[in-house]
Amino acid sequence: MNVETLKTPSLLLDLDRVKKNAARISDVASRNGARLRPHIKTHKCIEVAKIQTAGHNGAITVSTLGEARDFSANGFADITYGVPIEPGKFAAAIEILRSGVKLNLLTDNAESAQLLDEAAGRVGLKFDVFVKIDCGTHRVGVEPHTAEAVDIPRQLSDAKNLNFAGILTHAGHSYDVKTVEEIKTVARHERDVMVEHAAKLRGLGIEVPTVSIGSTPTINHVDHLECIDEVRPGNYIFFDNYQATLGSCGFDDCALTVLAAVVHRDASRRKIVIDAGGI
């Protein structure tokens, strides 16, 4: 195809690069004995998610319950909703679970967990619930050294209408570093914090079915995934300029670009203006 014949702005997807990126992370997960549950919020595209999950069990991570509904309607039946559940979304989550989908939730709040237990009991359902651990991002999650990091898993284990699914984290702060060595440090810390906390919980008699980690920068640089059950990166499927600058990939790995027309050149100011939706 001659891209110069396309109207601008146009979104260009390099399918060969998409498949190469999918194979790259699929291999990392398989070599390390970890299940792959990619995050699909980057694209929200059924076809791309099928490429990501090929050769795996089809499990995915979503950022909204709307995404969960859409993907479950297209054959995805094992979904983790990657945002702490709050009471305003209980009804939507119950609707999805009733449809036959395995919907995993997460929490970092004892009160919300109690309310979810009661709501599930009223409708005769059981949710699988992860405890979100803060491994350094400081956005959501309980810090592993706190009492809550033990009390909430125990609460879920003892709940009548909830199953404690395990512990889950996301090293979002890996996007804030400047060098590959810093990414490697974050990757090791993300893994080690979770493995150590799982061991602590098990030592206290709390079964931890799954230890789940994942971000695109860390999965590309972690040295091993021993004792990690599941990884959940997402951005890797397209990569981008930011990831290439970080060192997570090369610029030739970026699979999605925007074709834009140059509408103004200013040589004296070394400036161009492009028509790409936002000028």
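This is a predicted model: local features need pLDDT of at least 70, side-chain atom pairs count only at pLDDT 80 or more; totals for chains, interfaces and linings use all residues.
1. In total, 23 residues line the largest pocket. His39, Lys41, Ser63, Arg139 and His170 are the closest to its centre.

2. Which strand gives the most to the lining of the largest pocket? Strand β4, residues 78–84, does, with three residues.

3. Now the aromatic rings. Searching the whole structure turns up two aromatic pairs. Phe71 and Phe76 make an edge-to-face pair. Their centres are 5.4 Å apart, and the planes are at 65°. The pair counts as edge-to-face because the cut-off for that class is over 60 degrees.

4. Are Phe71 and Phe76 buried or exposed? Phe71 is buried, at 2% relative accessible area. Phe76 is buried too, at 6%. Both carry that label because buried means under 20%.

5. Tyr175 and Tyr242 form a stacked pair. Here the centre-to-centre distance is 6.3 Å and the angle between the planes is 15°. This pair links distant parts of the chain, with its residues 67 apart. Tyr175 sits in the loop between β7 (162–168) and α7 (180–203). Tyr242 belongs to helix α9, residues 241–246.

6. Tyr175 is partly exposed, with a relative accessible area of 23%. Tyr242 is also partly exposed, at 44%.

Methods
Residues are numbered from 1 along each chain as its sequence is written. Side-chain values use heavy atoms; hydrogens and water are left out. Rings of Phe, Tyr and Trp (its six-membered ring) pair if their centres lie within 6.5 Å; planes under 30 degrees apart count as stacked, over 60 as edge-to-face and the rest as tilted. Buried means under 20% relative accessible area, exposed over 50%, partly exposed in between (1.4 Å probe, protein chains only). Helices (H or I, at least four residues) and strands (E, at least two) are DSSP runs, numbered from the N terminus. On a 1 Å grid over the protein atoms alone, a cavity is a set of points where a 1.4 Å probe fits but cannot get out, and a pocket is an open set with protein on both sides within 12 Å along at least five of seven lines; lining residues have an atom within 4 Å of a point.
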